[in-house]
Amino acid sequence: MSTESASKPVQVAGATKKRGKAKYIVLVGLVLIIVLAQQTGLLGFGVAHLRAATFPRDESLLEYVQGSVPGVVIVDPHQIDLQALGAEGGAVRLHIERTRDDIKKATGIDLGFDVDKLVVAPSLVVARGRFNEQKLAERLATHSYVQAEYKGVKYLLRAGEDAIAVRNGSILLYGAEPEIRASIDAEEAGTSLASRDEATSRLAHIGWDRPLLGVALLSESKPSLRAILTGSTGPRAVTVGVSTKGGLSVTVAIDAASADAAEEIRKLLEEKRTNVDALKALVGPEPGAALAEIAKRATLAVEPGPGRLTVQVEVRPEEIELLAKAGHAAAGSLGEMYKNVRLLQLLAPGP
């Protein structure tokens with residue numbers, strides 16, 4: 001009896017020691033995982049993916065865009081469902097993968113992993129993500145880019161062509177040198193697009209929880225009394241939001257000077273979408289028929305108060321593939337269409 005009693009404390013102490021050692025091993029393992037995730041960018045990617053799902057609104061990116069721009073397109077890679085863009089190996093998916101590979105080869109930047117959100121303006125691209133300024137400089141040095149500086153902000157410049165800047169490792173600016181400098185000025189002076197309520201309120205109306213969101217400011221936000229009374233003016237702004245779940249779900253908000261003007265636009269669109277022959281002449285018989293079917297499913301509704309016409313369009317994955325092939329044939333290559341975006345002119349290797 002006494003022997004058994006004497007052995008119990010030893011057993012308890014041994015078990016406690018083993019549990020303490022196991023906890024220490026688990027703690028060290030967690031620390032190593034976090035450090036590895038931090039070093040490889042997985043931690044930042046995971047946090048960004050969570051933020052895109054819970055807090056998609058990111059107006060701070062607009063602080064790097066001049067307030068005078070006529071519009072922007074915002075792309076959130078974390079919210080894009082590639083399956084909604086057609087089958088794997090289809091024209092759209094292949095182009096996306098090819099573009100991603102080309103940019104990564106030239107710059108080391110992975111559009112699907114390093115970039116969390118893109119704002120594309122007519123002459124400037126702003127990206128939020130994880131960027132290594134030193135590695136980017138080393139890669140672009142082989143493309144004859146040299147370091148320059150403006151108001152304490154360093155950037156890489158290829159004289160007479162374009163420039164690229166990394167700010168605090170999380171913001172990337174790309175455009176011509178004057179655009180990079182104008183971006184720095186706008187952010188410093190508070191005169192960016194983020195300060196224009198006519199842009200931010202329209203983006204918020206459509207919703208930031210979209211993989212693709214855009215706004216085009218076509219005229220002054222507040223119309224004249226004459227424009228309101230006559231109701232004969234065209235669109236003042238167009239905002240577009242695209243979701244990729246089971247295909248493309250496109251919401252278009254067209255702002256007019258008044259409800260009457262919005263109703264005129266609705267009637268015009270109603271007439272245009274019934275003209276199947278015009279659509280076939282534009283893109284060809286088969287894709288024209290697909291466009292006609294898409295237009296037929298669209299819903300158009302005027303909001304009387306704000307004078308806004310809302311158009312809702314659903315595009316199925318097979319229709320996307322068909323239209324993409326039509327665009328490929330018309331342009332000779334999908335890549336040719338994207339060469340108008342100057343970002344790809346820099347990042348995609350030339351022939």
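E263 is partly exposed, with a relative accessible area of 24%; in this scheme, buried means under 20% relative accessible area, exposed over 50%, and partly exposed in between, using a 1.4 Å probe and protein chains only. The model is predicted, and local features therefore need pLDDT of at least 70, while side-chain atom pairs count only at pLDDT 80 or more and totals for chains, interfaces and linings use all residues. Residues are numbered from 1 along each chain as its sequence is written, and side-chain values use heavy atoms, with hydrogens and water left out.

**Helix α8**

E263 and R266 lie three residues apart in helix α8, and so are separated by about one helical turn. Helices (H or I, at least four residues) and strands (E, at least two) are DSSP runs numbered from the N terminus. An α-helix has 3.6 residues a turn, so residues three or four places apart point the same way. R273 and E270 are likewise three residues apart in helix α8. R273 is partly exposed, with a relative accessible area of 21%, and E270 is partly exposed at 23%.

Helix α8 covers residues 259-273, which makes 15 residues, and it reaches 21 Å from its first C-alpha to its last. This is close to the 21 Å expected at 1.5 Å a residue, the expected span being 1.5 Å times one less than the number of residues. Which residues of α8 are buried? They include A261, A262 and I265. Seen down the axis of α8, the buried residues fall within an arc of 100°, so they line one face of the helix; the arc is that of the directions from the helix axis to the C-beta atoms. On the other side of α8, D260 and E271 are exposed. The cover of the buried residues includes β10 (248-255), β11 (299-303) and β12 (308-315).

**Salt bridges**

Side chains of opposite charge can pair when their charged atoms come close. A salt bridge is a side-chain nitrogen of Lys or Arg within 4 Å of a carboxyl oxygen of Asp or Glu, and by this rule the count comes to 16. Three of the pairs are listed below.

| Pair | N to O distance |
|---|---|
| K117 and D76 | 3.5 Å |
| E263 and R266 | 2.6 Å |
| R273 and E270 | 2.9 Å |

Elsewhere, R202, D255, E303 and R308 are linked in a network of salt bridges.

**The sheet and V75**

An open sheet of 12 strands has the order β4-β5-β6-β7-β3-β2-β1-β8-β9-β10-β12-β11, with antiparallel pairing; two strands pair if DSSP finds at least two bridges between them. β4 (146-150) and β11 stand at the edges, each with a single partner strand, so one side of each is left without a neighbour in the sheet. Strands β6 (residues 162-167) and β7 (residues 171-175) pair over five bridges, and the bridge partner of A165 is L173 in β7.

V75 is placed in strand β1 and counts as buried at 19% relative accessibility. Leaving aside neighbours within four places in sequence, V75 is in contact (heavy atoms within 4.5 Å) with I80, K117, L118 and P211. The C-alpha atoms of V75 and L118 are separated by 5.0 Å, although these residues are 43 residues apart along the chain.
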